[in-house]
Amino acid sequence: MVESTPSFAGENASRASDDHIHSARQRSNRLLHRRALVAAVASAVPVPGLDWAVDAALLSRLLPQISAEFGLSAEQIDRLDPGARERVQKAVGLVGSVLIGKLITRDVVLRLAQTVGVRLTTKQIAKYVPLAGQAVSAALGYAILRYLGNQHIRDCESVCRAARLQPPTSSAARTTGT
């Protein structure tokens with residue numbers, strides 16, 4: 001009697017994909033941390049509106065960079081074979097993200113800002129309290145950008161898993177123009 005050995009090819013591919021997703025998450029978290037620190041510094045400066053402008057500029061660059069780390073920028077999705085592209089589009093619909101694979105415009109950033117509106121208002125008001133207010137404003141600036149960035153990272157990770165998409169390696173993500 002000949003025993004057949006089970007095939008672990010699917011399991012190995014899944015493990016490799018999980019490793020790539022984990023790596024993309026780590027790279028994205030490092031990027032997010034650096035940008036959130038910049039947002040915190042801008043929030044501490046007591047100039048009205050400066051932090052909003054900096055947050056908008058940071059988000060409009062950060063979110064596409066995170067998408068690219070997961071292989072989900074508009075250009076990367078366009079280069080996928082039709083079957084993979086369709087799986088990604090379905091996964092994006094299931095996750096409900098309006099940011100994956102899209103151009104991040106000023107209007108999109110403003111809609112994001114509305115989701116954390118109370119925190120942004122508190123951040124603006126806190127600036128006018130000497131020292132302690134600026135510290136609170138800086139902490140809120142950091143937290144707001146981290147919150148929005150982490151949500152996008154979770155969405156990208158969910159889309160990769162649902163679409164069975166393997167994110168590119170670090171060097172491949174950087175060559176997409178991010």
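**Helices and confidence in a predicted model**

Me: What is the mean pLDDT of the protein?
Reply: This is a predicted model; local features need pLDDT of at least 70, side-chain atom pairs count only at pLDDT 80 or more, and totals for chains, interfaces and linings use all residues. Residues are numbered from 1 along each chain as its sequence is written, and side-chain values use heavy atoms, without hydrogens and water. pLDDT is the predictor's confidence in each residue, from 0 to 100. At least 70 is reached by 68% of the residues, and the average is 78.

Me: Which helix has the lowest confidence?
Reply: Helices here are DSSP runs (H or I, at least four residues), numbered from the N terminus. Confidence is highest in H3 (residues 74-78), at a mean of 90.

Me: Is H4 oblique or roughly parallel to H7?
Reply: H4 (residues 82-95) and H7 (residues 132-163) pack at about 135 degrees, their axes 8 Å apart. Angles under 35 degrees count as roughly parallel, over 145 as roughly antiparallel, 65 to 115 as roughly perpendicular and the rest as oblique. Therefore H4 to H7 is oblique.

Me: Which residues of H7 make the contact with H4?
Reply: H4 contributes Arg 87, Val 88, Ala 91, Val 92 and Val 95. From H7 come Asp 155, Ser 158, Val 159, Ala 162 and Ala 163.

Notes:
Helix = DSSP H or I, 4+ residues; strand = E, 2+ residues; numbered from the N terminus. Axes fitted to C-alpha atoms, helices over the stretch in contact; angles between N-to-C directions. Contact = heavy atoms within 4.5 Å.
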